[in-house]
Amino acid sequence: MKKSLLLIPLIIVSCKKDPGISETQNKDSMTVEEQPATAEKPDSAALRMKDSIINNAPKTKEVLRTGVMRNVKNGQIIRTADAEQLPFTLGEEFTKDDQEFILKITNFSQPNLKAKISTKEKDFNIRFNQIKLPNGNYDGPFGREFTYDIKDKGEVWLIIGKSNMASGNTKGSFTVSVE
């Protein structure tokens, strides 16, 4: 009798339907098939936690704040970008009066360049002061947006700073979009 009581749970477990078996049902001309989950999905909370740790690391914050390929020297902020990355937008900030931003675009081979400065600052005195062409010639000044035909291939510089012919705030953040 005791042995038969032990066999009852075993019989019940063996009679249960296995969820790993595929079942096909026909409905009109469409086939629906239920498949078992074969691979475990990564825990999204664990991924967010890992991502949060990386994004909040002091070195990551420093790189995001200062940028890559960026040098600051004597009031000039110099950043270098490869023309293969075009179009792109860079964020920058002037923290002192009379700062200048030079964007060096290497390996430029397109027939024209289109650039635009955007800012949320009110009364921000900023413009494209000059462009240095691959042949070494300079041209400018321009406003906050311009298109320029470039005949030679090579390195192009966009020089951004305040306009001496205008007044306004010379400190603040801005973005430069280049196509």
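Biologist: Is Asp-98 buried or exposed?

Modeller: Asp-98 is exposed, with a relative accessible area of 54%. Buried means under 20% relative accessible area, exposed over 50%, and partly exposed in between (1.4 Å probe, protein chains only). Please note that this is a predicted model, in which local features need pLDDT of at least 70 and side-chain atom pairs count only at pLDDT 80 or more, while totals for chains, interfaces and linings use all residues. Residues are numbered from 1 along each chain as its sequence is written, and side-chain values use heavy atoms, with hydrogens and water left out.

Biologist: Which residue forms a salt bridge with Asp-98?

Modeller: That residue is Lys-162, and the closest N and O atoms are 3.0 Å apart. A salt bridge is a side-chain nitrogen of Lys or Arg within 4 Å of a carboxyl oxygen of Asp or Glu. Lys-162 lies in the loop between strand E11 (154-161) and E12, and Asp-98 in the loop between E5 and E6, so the pair ties together parts that are 64 residues apart in sequence. Lys-162 counts as partly exposed, at 30% relative accessibility.

Biologist: How many salt bridges does the structure hold?

Modeller: The structure holds three salt bridges. Arg-70, Arg-79 and Glu-92 are linked in a network of them.

Biologist: What are the distances in that network?

Modeller: The side chains of Glu-92 and Arg-70 meet at 2.6 Å, N to O. Glu-92 lies in strand E5 and Arg-70 in strand E3 (residues 70-73), so this pair ties together parts that are 22 residues apart in sequence. For Arg-79 and Glu-92, the N to O distance is 3.4 Å. That pair links distant parts of the chain, with Arg-79 in strand E4 (residues 76-82) and Glu-92 in strand E5, 13 residues apart.

Biologist: Why does Glu-92 count as buried?

Modeller: Glu-92 counts as buried because its relative accessible area is 7%. Arg-79 is buried as well, whereas Arg-70 counts as partly exposed at 24%.

Biologist: Which side chains of E5 point to one face with Glu-92?

Modeller: Phe-88, Leu-90 and Phe-94 point to that face with Glu-92, and these four are buried. E5 pairs with strand E12 (residues 172-178) in the antiparallel sense over seven bridges, and the bridge partner of Glu-92 in E12 is Phe-174. Two strands pair if DSSP finds at least two bridges between them.

Biologist: How many helices and strands does the chain have?

Modeller: The chain has three helices and 12 strands. Helices (H or I, at least four residues) and strands (E, at least two) are DSSP runs, numbered from the N terminus. Six strands form an open sheet with mixed pairing, in the order E3-E4-E6-E11-E8-E9. E3 and strand E9 (138-139) stand at the edges, each with a single partner strand, so one side of each is left without a neighbour in the sheet.

Biologist: Finally, where is Asp-123 found?

Modeller: Asp-123 is found in the loop between strand E7 (112-118) and strand E8 (127-132). Asp-123 counts as exposed because its relative accessibility is 57%. Asp-123 and Ser-167 are 44 residues apart in sequence and 8.3 Å apart in space, C-alpha to C-alpha.
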